[in-house]
Amino acid sequence: MPELPEVEALRRALDGPVQRAPIERAGPAHIATLKTFEPPLEALEGRRLAGANRRGKRLLFPTVDGELVILIHLMSAGRLAYLEPGAKGPKQPGLRLRFADGGELVLTEAGAKKRAGVWLLRPEEAQAELSHLGPEADTVDAELLAEICSAESRRLHSLLRDQRAIAGIGRGWANEILHASRLSPFALSRDLDGEQLAALATAIREELARGLDLRERGWNDKRVYRIHGRLGDACWRCGEQIARVDYEEHTVFYCPRCQTGGRVLKDRRLSRLLK
């Protein structure tokens, strides 16, 4: 799933191209992808986009006249790309915006489940749609993190993925951040001392910056992630085998030696399969 580093790298790549020419044709859009109907998508035609913005994991494309905002959430399998004039595009995209110079902004989504979403909103509606999001993850310092962690006692992996608490982190970067800070994914937020909070804040900042740098270089998951998705690989820090706890919607990857004092966390889903 695209998270802050991936979405920010994409935002930077799209910012210039989408400003080059006005939108000539807006659509088609897949019925499951377009989440709003008023104003109609055709209202974008003839307007220019002011560039690409980001809030958490969402991309925002405001119009130059300030009247409309396109909001896009790629979810787990959505992909957004700008096609230069003359480039061949997909036959049935989730969304296509064709610009007057022949360039196109296209959204595609792998698999049968169409979870990516596109909203065409007025600025105040876009603001309301995003109002539940917490502070941007790359702006969180130790002081603010202490407030977030003390608000309620939660497991760290769950807290980091909660967009209402901190915006921009998902399962992949939660795994990387917790390993970098040497903290158990199951540690409780209210139990962290000052040194651990400082380590977590530093890891959030440094891991997201590392991810953004590598994504802008075009590196894929295998080269970017050092813990996430690497079950059985050797930990880059200590050499211990990476372990995991598997859930229905996400998987926690961690190093037993670096993060849990040598203890392997019980994988309840795997335990059920072995019964």
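This report describes how helix H6 packs against helices H5 and H1 in a predicted model.

## H5 against H6

Helix H5 covers residues 171-180, and helix H6 covers residues 194-216. Their axes lie 8 Å apart. The packing angle is about 130°. Angles over 145 degrees count as roughly antiparallel, and 65 to 115 as roughly perpendicular. H5 is therefore oblique to H6. The crossing of H5 past H6 is right-handed.

H5 brings Trp173, Glu176, Ile177, Leu178 and Ala180 to the contact. H6 answers with Leu200, Ala203, Ile204, Glu207, Leu208, Arg210 and Gly211. By type, the residues of this contact are 8 nonpolar, 1 polar and 3 charged.

## H1 against H6

Helix H1 spans residues 4-15. Its axis and that of H6 come within 8 Å. They cross at roughly 45°. H1 and H6 are therefore oblique to each other. This crossing, too, is right-handed.

On the H1 side, the contact uses Leu4, Pro5, Glu6, Glu8, Ala9 and Arg12. On the H6 side, it uses Leu208, Gly211, Leu212, Arg215 and Glu216. The residues of the contact of H1 with H6 divide into 5 nonpolar, 1 polar and 5 charged.

## Residues in both contacts

Leu208 and Gly211 of H6 take part in the contact with H5. Leu208 and Gly211 also take part in the contact with H1.

Note on methods:
Residues numbered from 1 in each chain as written. Predicted model: local features only at pLDDT ≥ 70, side-chain atom pairs only at ≥ 80, totals over all residues. Heavy atoms only, no water. Axes fitted to C-alpha atoms, helices over the stretch in contact; angles between N-to-C directions. Helix = DSSP H or I, 4+ residues; strand = E, 2+ residues; numbered from the N terminus. Parallel < 35°, antiparallel > 145°, perpendicular 65-115°, else oblique. Left-handed = near helix turned anticlockwise from the far one by under 90°. Contact = heavy atoms within 4.5 Å. Nonpolar A, V, L, I, M, F, W, Y, C, P; charged D, E, K, R; others polar.
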